[in-house]
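Biologist: I have a model open and would like to learn how to read it. Could you walk me through it, one feature at a time?

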Amino acid sequence: AREIEADLTEVLVTEAEVHAKLAELARRIEADYEGRDILLVGVLKGAVMVMADLARELRSHVQMDWMAVSSYGAGTKSSGVVRILKDLDTDLTGRHVLIAEDIIDSGLTLSWLRENLESRGAATVEICALLRKPDAAKVEVDVKYVGFDIPNQFVVGYGLDYAERYRNLRDVAILAPHVYS
Ligand code: PRP
Ligand code: MN
Ligand code: MG
């Protein structure tokens, strides 16, 4: 198989930095949710790595459930039209929901998702996102737990894909322009 490294220009966040940050966020989450069980909701597919590592950092009880959504309305990423491709199995009534995401880009996916989950009767809905691109925001999303604010560049790895590849890269890296131009 071809090597991934040749397609990258720069590592933005190393695997070690990711894990240190998730540990830090996990300590905050444990303190904030003292005495309450958390339902972690992962957004397929990008959030798989964040979900796996954040859940294992937490020393408190959590449940995990998954949603798959499509934010591609008429082919453009920023349409804001979100469709549920796979829904949760869990009844959210009275639950403390913590959405686990890899990245907030325009914010459209998460602002829609938060409202959707709140409307199902969850007691609380908060968001934990490893990465955020402040310069790409189209809507403001109130994110309680953010790992890193990053520049508005094409990043891959740690769950993030370009054309379904690079998700298995351990670090978060900038994709070389020759790959997509
Ligand atoms: C990516 C990413 C977030 C979303 C962020 O998912 O994983 O879920 O886009 O973009 P936004 O803030 O502009 O809405 P994508 O739709 O590419 O699906 P994937 O997780 O399966 O890669
Ligand atoms: Mn995603
Ligand atoms: Mg994607």
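**Sheets, helices and a ligand shell**

Modeller: Six strands, ordered S4-S3-S2-S5-S6-S7, make up an open sheet with mixed pairing. Strands pair here if DSSP finds at least two bridges between them; strands (E, at least two residues) and helices (H or I, at least four) are DSSP runs numbered from the N terminus. The edges are strand S4 (83-86) and strand S7 (145-149), each pairing on one side only. This is a predicted model, in which local features need pLDDT of at least 70 and side-chain atom pairs count only at pLDDT 80 or more, while totals for chains, interfaces and linings use all residues. Residues are numbered from 1 along each chain as its sequence is written, with chains lettered from A and ligands numbered from 1 in the order in which they are written.

Biologist: How do strand S6 and S7 run where they are joined?

Modeller: Strands of a sheet pair through backbone hydrogen bonds, either parallel or antiparallel. Here S6 (residues 124-132) and S7 run parallel, joined by four bridges. Arg-132 stands opposite Asp-149 in S7.

Biologist: Which helix packs on this sheet?

Modeller: Helix H1 (residues 15-32) does, touching S6 and S7, and its direction makes about 155° with that of S7. Axes are lines fitted to C-alpha atoms, for helices over the stretch in contact, and angles run from 0 to 180 degrees between N-to-C directions. Contact means C-beta atoms, placed from the backbone, within 7 Å.

Biologist: At what angle do H1 and helix H2 cross?

Modeller: Their axes cross at roughly 50° and come within 9 Å, H2 being residues 48-57. The two helices are therefore oblique to each other; angles under 35 degrees count as roughly parallel, over 145 as roughly antiparallel, 65 to 115 as roughly perpendicular and the rest as oblique. His-19, Leu-22, Ala-23 and Ala-26 of H1 meet Asp-53, Leu-54 and Glu-57 of H2.

Biologist: How many residues surround ligand 1?

Modeller: There are 16, and the closest are Lys-45, Gly-46, Asp-105, Ser-106 and Thr-109. A residue is counted if its C-beta atom, placed from the backbone, lies within 6 Å of the molecule. S5 gives the largest share of this shell, four residues.

Biologist: What is the order of the strands in the three-stranded sheet?

Modeller: That open sheet has the order S1-S9-S8, with antiparallel pairing. Two bridges join S8 to strand S9 (residues 172-175), and the partner of Val-155 in S9 is Ile-174.

Note on methods:
Contact = placed C-beta atoms within 7 Å.
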